[in-house]
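Here is a short tour of one protein chain. Please take a look at the sequence and the structure before reading on.

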Amino acid sequence: MGFLIFASMATNPAVSFNLLNQDLLLLPQKAIYWQQEKALIVADVHLGKVGHFRKAGIAVPRDMEQNELAVLSDLIFEHNPQKLIFLGDFFHSDMNSDWDWFILWRSQFPKLEIILVKGNHDIIDDSHYRQLNIFLHDQLLAGPFLMLHQPLTGDDLKEAPGYVFCGHIHPGISLAGKARQHITLPCFAFGARQAILPSFGKFTGRVAIRSNKTDKIFAIANDKVLAID
C-alpha cells in the first residue's frame with residue numbers, strides 16, 4: 001500500500017547526494033554513480049525478461065532488451081566507471097537468446113570490473129558469469145555500504161555491518177496534483193540505514209512505498225531527478 005504526497009519538487013537531470021561522506025550522483029537513468037569508488041550501481045535490470053516472454057508466446061518489441069544495454073553503455077561512456085555493481089536480478093530467468101546480446105555487450109568493456117550481488121531471479125549457473133569475468137556475491141561490503149538485493153527489516157537491518165544499498169521491490173512514489181490526478185514514479189528511497197534503488201529495467205512494474213518523514217526521496221520523471229520536499 002502506497003502513500004500520497006503533495007510535494008514541492010526541485011528538478012535536475014541528476015542530483016548530487018552526500019551520504020556518510022560519500023559522494024553519490026543520482027542519475028535519471030535510475031542508476032547511482034559513486035564517485036569515490038568510481039562505481040556505477042544499478043538494481044533489477046531483469047535482462048532476459050523480453051526473451052522469457054517471447055518463449056511463452058507473448059509479443060514484446062524486439063529492441064527493448066538492446067535498449068537496456070545501450071543505456072548502460074551510455075552511462076559507462078559518460079562516467080567512465082572502474083566498477084559496475086548490479087544489485088541482483090540482473091538476468092530475469094533461465095538462459096535464453098538475450099544472453100547472447102549480453103555476451104556481445106560485455107566484449108565491448110573487457111577492462112570493466114563487473115560485480116553481481118545475486119538476487120532471486122539470478123538462477124543461471126555461476127559458470128556462465130565467470131566465463132565473462134563477472135564476480136559473484138551474496139552480499140558485498142564496500143566502504144560504509146552493504147550491497148544486497150533484498151531490503152532488510154527489523155533486527156537484521158539494525159545489525160547490518162554497513163548502510164544497506166538494495167533493490168528488489170522496484171520502489172515508486174505516488175504523487176498527487178492540484179486537480180486530484182495521481183501518478184506513481186520510480187524513485188530512490190534513502191532511509192536512516194537503508195537505500196532502495198529503482199529498477200533499472202524498463203520492462204518492470206513498480207510498487208508505491210511508505211516513507212517516514214526522515215526519509216529522503218528522489219523521484220524520476222521526464223529524464224530528471226526530482227527531490228521530494
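## A buried aspartate

Let's begin with Asp44, which sits in the loop that links strand E6 (39-42) to helix H1 (49-55). This is a predicted model, so what follows describes computed coordinates.

Asp44 counts as buried because its relative accessible area is 0%, under the 20% cut-off. Leaving aside residues up to four places away in sequence, Asp44 touches Leu87, Gly88 and Asp89, the histidines His149, His168 and His170, and also Gly167, Ser199, Phe200 and Gly201.

## The sheet

Strand E6 also belongs to an open sheet of 7 strands, ordered E3-E4-E5-E6-E7-E8-E9, in which the pairing is mixed. At the edges are strand E3 (15-19) and strand E9 (134-137), each of which pairs on one side only. From one strand to the next, the twist averages 25 degrees.

Strands of a sheet pair through backbone hydrogen bonds, in either a parallel or an antiparallel way. For E3 and strand E4 (residues 22-27), the sense is antiparallel, over 5 bridges.

Across the chain, the mean pLDDT is 84, and 77% of the residues reach 70 or more.

Residues 1-11 deserve a separate word: their pLDDT stays under 50, although the model has 34 contacts for them beyond four places in sequence. Where pLDDT is low, predicted coordinates should not be read in detail.

Terms used: Residues numbered from 1 in each chain as written. Predicted model: local features only at pLDDT ≥ 70, side-chain atom pairs only at ≥ 80, totals over all residues. Heavy atoms only, no water. Pairing = 2+ DSSP bridges. Helix = DSSP H or I, 4+ residues; strand = E, 2+ residues; numbered from the N terminus. Axes fitted to C-alpha atoms, helices over the stretch in contact; angles between N-to-C directions. pLDDT = per-residue confidence, 0-100. Contact = heavy atoms within 4.5 Å. Buried < 20%, exposed > 50% of the residue type's maximum accessible area, 1.4 Å probe, protein only.
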